[in-house]
Amino acid sequence: MNAENTQDQRQDQGQAELSLSGNQLLPQLVAHLREHRAKLRNEWASRIRDAHLLEAMTPQEMAAETTSVYDNYVEVLETGSVEALQHYARDLSERIIPRGVETHEVVGIVLLLRDVLARSLFEKYQRDFALLNQILDAYEPAANRIANTVAVSFVDERERVIRQQQDAIKELSTPVLPVRERLLILPIIGVLDSERARQLTEQLLSGIRTHRAKVVVIDITGAPDVDETVANHLVQTVDASRLMGASVIITGLSPTIAQTLVTIGVDLSKMNTIGDLQGGLEEAERLLGYTVTRKVVTDGS
Amino acid sequence: MNSGPALVSILRQGDTLVASVHTALDDSEMVRFQHDLVRQIGEHRARGIIIDVAALDVIDSFASRTLRSIADIARLRGAVTVIVGIQPDVAFAMVCLGMDMGEVPTALDLEEGLAYLSRLRGLGSSHG
Amino acid sequence: MSTARATNEPQESGGAADVAALIPMLRRIVAARIGQHPAAEDLVQETLLRVLAAEDRIEPGMLEPYAIATVRNVMATMWRQDDRDARNQHRIHDPSEPDEAEEVVVASEEQSAITEALRRLTDREREVLLAHEVSGRATQSLAEETGSTANAVAAQLKRTRARLRVEYLLALERTEPPTDRCRAVLMALSSADRRRQREVDAARHLLECDLCARLSQPLLGRGPVRDNEIHVPISADPDIVAARSAAREMAVRAGFAGADLTMLATAVSEVARNIVRFASTGEVTVELLEQPRPGIRVVARDTGPGIADVDRALEDGYSTYQGLGLGLPGARRLMDEFNIVSETGHGTTVSMTKWFDTKGRG
């Protein structure tokens, strides 16, 4: 197989099995990269530092991950199969995405490795230009394919994580928790905009029906602040719950929110507010137990 | 209300009247319902009234006021009224509209309404 | 025969005018077949009625061929009738005998109304209309004559037909419209121009003007059929329920669900009730919106006494009815947009919108 042939095949089957295009040359290449593993990996790591990539990782983590990437990289060149690399890339992505690593960083480090290795090949073969050409012809498509694989794995993983987070947030944003029979807790966590407030209300009201709730504790300890629209909404939710026969206890009312409620003309004395969730739950049990106690009295008389 | 399927049924259970609204009522039908119910409160000397509005897909200002005035009249005649079955969407729309049931007790459904009345009666008899 | 021109005409809808324009041609055809037969003119009128009735189903430009086919059928029917009459002469009673005298009177009234309507057009309008419909001249050739474009001529023809329809209806009633606005409103309806109808507030005028309400009946169906708009006349209690059901159905089609549906229906209930209580008659229009985003617009119009102080009526607690005036402010809270225009002595229009996508809500 001559160089021209190799070239043609590369153009024809860009993503074809690597072993085809690098039959004799790739083993040589792989041997070289194995031999100089420590030196090349260090060089790569320092280039990554210079480019300020992956700064979310500790030096130890960097050392461990770059070694793994390097070994995987060489393995792809050797076997022509990206499967192992794919798995590793996904794994890695899963670990680093929560740390806020961006796509350009991941693509960046892979391209840096490609350059570092290409330079070393230049150095080694610079005296034999024809051989260098052949080596690069074998190396480049494999290297591009690796970069591609890593980038795609990362983006896929990122999308999956984002979807998962969105679902989690959606669930979290409407957590109507049945604590015990006839008692629901609605902890409001995070910023309440009017759209989320609407969702909460719909969820709570249908929750009252499904769980046949008699008492609802709305805990707003986790809500930093509410504007007037949302405060209004909160009041409407309390009133609507009452129309469905459920009593509402509000806990964790911050002075700021209390002020907002007063500003929009809410009569706080008509709202059952208790300092903290614990107190709210005790009050709820009292409300639920209240009937029982009285019944006992009734029966006894 | 005498022709076709009944829009409202009023059943007597001991000294409790259970009025179930079966379909959306227009204003005149609502008023007729009020008259029928009030008349029966007197006839049966009812002590408790349950109005089941689960079938109403809208409770607007007129319906709210009518329900409240039924409860007021009933109270003057010595009966307690419980409104039951207000649907979640309806409850929210009522609140947005600015309507509420005032001092009229509400309960989730018929069962809860009956439980409320029997509890109340228990309290009453414990005093007597 | 001038049917060949039909194909290169821009989109035009037919109308009483087109039908009227067919008269001379139909007379020629009938005369050619049955000469001075006493029923000749009846056949022409019969054809006109059939064409008029079928007009909405006829492809633009195909009116003439349709009329020709119809007049042949009508003649054939007459011959068959004559034939059957001959065979059935021994029977005393012929059930198929039409109430001829009355029909003839009606037909001649219609014809004179069309003549009168044609007379009321300007010379230029009549000239172009007749050149196009009777002499069969294409819009292109008419355009060249006046240095205009085919589209402009077609648009002019469309306006002329719309006018002819209006004038025909007025002539048939032998009446002049009572207000200055009537013709503008009827024109807007006749030309099926929704934008213009809104500009002249046609819906409100039809509530106020009995004549136009009556005359507009045959005009209302004009234009592309729109199933994204419902009109509910409001005059009594059951109409309130009908209006809110209509709104709910429309909203379900727009993709609304859950609390939004109930909020919309409740708001409609309130504004419809205001009509019944304060104005006694009016209408509620429910319209499906696509632009700028999916939603439902509800317009409640009445011809009642109007609200003297709209701002106060929108304040919570103010009312002219049973001490609680929650209708308007409540409806406003239930909807995303709310607008009210009221003129003392003239009536009130409440327009309110609920958007399907909840983003951007205040």
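In chain A, five strands form an open sheet in the order β1-β2-β3-β4-β5, with mixed pairing, where strands are DSSP runs of E of at least two residues, helices are DSSP runs of H or I of at least four, both numbered from the N terminus, and two strands pair if DSSP finds at least two bridges between them. This is a predicted model, in which local features need pLDDT of at least 70 and side-chain atom pairs count only at pLDDT 80 or more, while totals for chains, interfaces and linings use all residues. Residues are numbered from 1 along each chain as its sequence is written, and chains are lettered from A and ligands numbered from 1 in the order in which they are written.

**The sheet of chain A**
- β1 (177–180) and β5 (272–274) of chain A stand at the edges with a single partner strand each, so one side of each has no neighbour in the sheet.
- Strands β3 (residues 215–219) and β4 (residues 247–251) of chain A run parallel and are joined by five bridges; A:Val216, for instance, has A:Val248 in β4(A) as its bridge partner.

**A buried helix in chain B**
- Ten of the ten residues of helix α3 (residues 88–97) of chain B are buried, so this helix is largely enclosed by the rest of the structure; a residue is buried if 20 or more other C-beta atoms, placed from the backbone, lie within 10 Å of its own.
- Among these buried residues are B:Phe92, B:Met94 and B:Leu97.
- Just after α3(B), B:Gly98 takes a positive phi of about 95°.

Terms used
A residue is buried if 20 or more other C-beta atoms lie within 10 Å of its own, exposed if 12 or fewer, and partly exposed in between; C-beta atoms are placed from the backbone.
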